[in-house]
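Please read them alongside the coordinates.

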Amino acid sequence: LLILFFSVRCPGCKSRAIPFSKEMARVFPELKIVGIHTKIDKADISKEQIEGIRQLYKIPYPVYKDREKDSYQLLQAEGTPHWILIDRQGKVDRSIFGSMPNSLQRLDYSITELFQRDKPPSG
């Protein structure tokens, strides 16, 4: 499971994180992805606005609203975008803040590694 904490008010979310997550959904169709919109300032947006963003950006996975930042705080996100990669046993495999150096490369490598690790041996 890949969780993306994002905000429609976050430029990096719209320009890097959402396109990257769409690519991961294409490359790894078995990867479950969930977007969680997190309020990063006082401005609140409605479920309808979130659905409008999902349609505008053609996001192919469900997007939920984290009204009080409960999920954000529980998973110790550091800002937006923030990625949480959860393994098949339900444990956090990686937690990557999108503003960290090489965050998308690290996430790409982590997803690839996780799928290779979980692949049954051939033969």
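1. β4 and β5 run antiparallel and are joined by five bridges. Across this pair, Ile86 faces Val92 of β5. Helices (H or I, at least four residues) and strands (E, at least two) are DSSP runs, numbered from the N terminus.

2. The model is predicted: local features need pLDDT of at least 70, side-chain atom pairs count only at pLDDT 80 or more, and totals for chains, interfaces and linings use all residues. Residues are numbered from 1 along each chain as its sequence is written, and side-chain values use heavy atoms, with hydrogens and water left out.

3. Five strands form an open sheet with mixed pairing, in the order β3-β2-β1-β4-β5; two strands pair if DSSP finds at least two bridges between them. At the edges, β3 (63-66) and β5 (92-97) each pair on one side only. Direction ignored, neighbouring strands are turned by 20° against each other on average.

4. α1 packs on this sheet and touches β1, β2 (33-38) and β4, contact being heavy atoms within 4.5 Å. The direction of α1 makes about 165° with that of β1; axes are lines fitted to C-alpha atoms, for helices over the stretch in contact, and angles run from 0 to 180 degrees between N-to-C directions.
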